[in-house]
Every structure is written in C-alpha cells, then in structure tokens.
Amino acid sequence: MNENDLKWWKWKERADVISTKPIVDPPSVINKKLELLICKLYKKYHDELHQLNLHMKQCHILFPPDLVGVQTCEMENEINWLLIRHFKPEMVVEMSPCSGWSSCWILDALNRNETGKLISYDILDISAKRVPQVCPYVSTTDIWELVVGDCKKTWDETQHLYEGKQIEYIFIDSDHSEEFAYWYLENVFPKAASNCCFGIHDMIDTFTGEHFERDKEFVGTIHNKDGNLIQDNKQINEDLAVFQYLKKYNISYVNPNTASESIVGKKRQKMRLLGQIHNIPSTASGAIFFQSSDKKNCGIASSRNKIL
C-alpha cells in the first residue's frame with residue numbers, strides 16, 4: 001500500500017466527554033536522572049543538533065501535510081536523537097513511522113554513531129520513498145529495515161533480523177488502542193534489554209498536562225483507493241495500559257512538556273535551537289520517555305485483566 005491509496009486519516013474527540021482526572025495515577029516522581037541527562041545532552045550536542053534542524057527544515061518539503069506529513073514535534077525527535085547518540089543502541093525498533101519523519105532523526109543518530117540498526121514496522125510504505133531522500137545512506141548500508149504489514153503478524157516472522165541481539169531503544173507512535181498497547185507490552189517489551197530506552201507518543205494531553213482519558217476516541221478511518229476499510233474506529237485507550245505498566249514496575253518517566261515545569265523545554269529554549277520547523281509547535285510534546293526498570297525483561301501477564 002502506498003501514499004496514493006491513503007484516502008484520509010482524521011482525528012476527532014468526543015465533545016460530550018470532559019474530564020481532567022487521570023484514569024490511573026502516573027508515577028509520583030519524575031525521572032529526574034533522565035531529565036537531567038537530556039538537558040546535559042542538549043548542551044553537549046548543541047552544534048550537531050542545530051545543523052540537523054537546519055537540514056530537516058530543508059527536507060520538510062518532502063513531507064506535505066496533505067499526504068500524511070509530520071506527526072511528531074521537534075523536541076520529541078530531538079530527544080530520540082539525543083538518547084540514541086548517548087546510549088549508542090545496537091538495535092532500535094520503531095512502530096509506525098508513517099511518513100518516515102521520525103525515522104530520519106533516528107537514522108541520523110545511528111549514522112553518526114557509526115553503529116546500530118533501525119527496524120521499522122508499518123502498514124504503510126510511504127517512508128520507503130521519503131526516508132532515502134533525506135538519508136541517502138540507507139540505500140547503501142544495512143542501517144534500516146522497513147517491514148510493511150500488520151506488525152502483530154510480521155513480528156514473529158522478522159525475529160531473524162535481530163541476529164540474536166536485544167532491543168536497546170523503542171519508539172512507538174502507532175495504533176493508540178488499548179488492544180494494541182497490550183500487544184506490544186506482551187510481545188515487544190519482553191524483547192528489550194534491561195537498559196532499554198523507550199519513547200511512546202501521544203501519552204500526555206498537551207492542553208491539560210494529564211494523560212488522555214479513556215473516553216476519548218480515535219474516530220478516524222483509513223480506506224484504500226477502492227473504498228475498502230483498512231482500519232476502523234478505535235478508542236484511545238493506549239495510555240491506560242501503558243500507565244498501568246509503569247505503575248506496576250514503579251518506572252518514572254519524562255514528558256518534555258510537563259517535567260519539572262518544562263525543564264527540558266527551557267533548556268532547549270536556552271540553547272537557541274531552530275524554532276518550529278513544521279505545522280506542529282516545537283514544544284507540543286505528548287510523548288513520554290523512560291528506561292527499563294531494574295527488573296530485567298519485566299514480565300507481562302498474558303491476560304489483559306492481569307497486567308497488574
């Protein structure tokens with residue numbers, strides 16, 4: 001399936017549901033260690049990051065919003081880039097790069113590290129065309145592998161790509177349903193190394209500072225050019241499962257929008273990096289970032305009702 005098959009993708013929230021109370025109380029302590037590390041990395045890699053921002057601003061024309069352009073803000077992509085530059089993971093997994101914008105940032109970090117590989121899973125193949133235009137080295141190296149199809153079906157089939165290595169960085173901006181969250185908690189997270197870093201998008205409501213309420217819905221649908229339904233309406237319940245997981249294993253996290261009154265955002269502003277590159281504000285981050293708990297390969301109960 002290519003970008004011409006994409007008819008429309010639209011988000012809408014139920015107007016009759018208003019709630020500011022989190023469904024599951026998030027960890028009470030922000031991950032100060034990770035937060036301070038990100039701030040230090042902004043200073044350490046300022047020059048490289050500034051040049052990358054300029055490059056991505058030039059490349060933005062390749063990601064027009066009318067054909068599923070950019071879904072992540074600069075700060076989210078920068079943090080992915082910074083953490084990958086710092087930790088130098090050998091194996092990185094990305095769920096649903098869509099246009100490939102976030103993939104380009106991840107690949108740039110891996111390329112500068114001169115080590116590591118990104119394996120991206122998506123039902124769309126739009127990124128296959130766009131990423132090589134921004135990162136031409138993907139055509140001559142084995143730094144990137146795009147697996148097209150339903151990842152719940154292709155996951156087991158592609159385990160040979162990991163060559164026995166554990167995953168050391170995971171970024172997810174995918175199907176926001178509770179069902180899919182339980183799937184990756186049960187199948188992907190156990191493959192992560194004990195020191196793995198995670199980034200999960202759309203966990204925090206950037207307007208309220210709370211995580212999304214269960215009653216909000218993803219009411220968008222994807223059809224192919226023949227009008228056949230590819231993805232149906234789904235509730236945004238992903239955050240419920242993820243925050244339950246974090247609470248169970250006492251894992252704290254960083255959201256660059258809300259952490260310690262936006263310490264990360266203030267640090268970025270102080271570094272005077274390039275402002276807004278595209279239509280998403282630079283600081284409109286709904287993502288959370290965290291690291292594996294001390295308990296290696298945190299187990300997930302197969303029954304969704306027993307995740308806690």
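**A buried helix, an open sheet and a buried glutamate**

In this predicted model, the buried residues of helix H8 pack against strand E4 (167–172), helix H7 (178–187), strand E5 (192–200) and strand E10 (288–291). Nine of the eleven residues of H8, which spans residues 238–248, are buried, so the helix is largely enclosed by the rest of the structure. Among these buried residues are Glu238, Asp239, Phe243 and Tyr245. The helix lies across E4, E5 and E10, and runs at about 30° to E10, while just after H8 Asn250 takes a positive phi of about 55°.

The strands that H8 lies across, E4, E5 and E10, belong to an open sheet of six strands, whose order is E3-E2-E1-E4-E5-E10 and whose pairing is mixed. Strand E3 (144–148) and E10 are the edge strands, each of them pairing on one side only, and from one strand to the next the twist averages 15°. Strand E2, residues 117–122, pairs with E3 in the parallel sense over five bridges, and Ser120 stands opposite Leu146 in E3. Helix H4 (residues 101–113) lies across E1, E2, E3 and E4, running at about 165° to E2.

Within strand E1 (residues 91–95) is Glu94, which is buried yet has no salt bridge, the nearest side chain of opposite charge being that of Arg130, 12 Å away.

Technical notes. Residues are numbered from 1 along each chain as its sequence is written. This is a predicted model: local features need pLDDT of at least 70, side-chain atom pairs count only at pLDDT 80 or more; totals for chains, interfaces and linings use all residues. Side-chain values use heavy atoms; hydrogens and water are left out. Helices (H or I, at least four residues) and strands (E, at least two) are DSSP runs, numbered from the N terminus. Buried means under 20% relative accessible area, exposed over 50%, partly exposed in between (1.4 Å probe, protein chains only). Lys and Arg count as positive and Asp and Glu as negative; His and the chain ends are not counted. A salt bridge is a side-chain nitrogen of Lys or Arg within 4 Å of a carboxyl oxygen of Asp or Glu. Contact means heavy atoms within 4.5 Å. Two strands pair if DSSP finds at least two bridges between them. Axes are lines fitted to C-alpha atoms, for helices over the stretch in contact, and angles run from 0 to 180 degrees between N-to-C directions.
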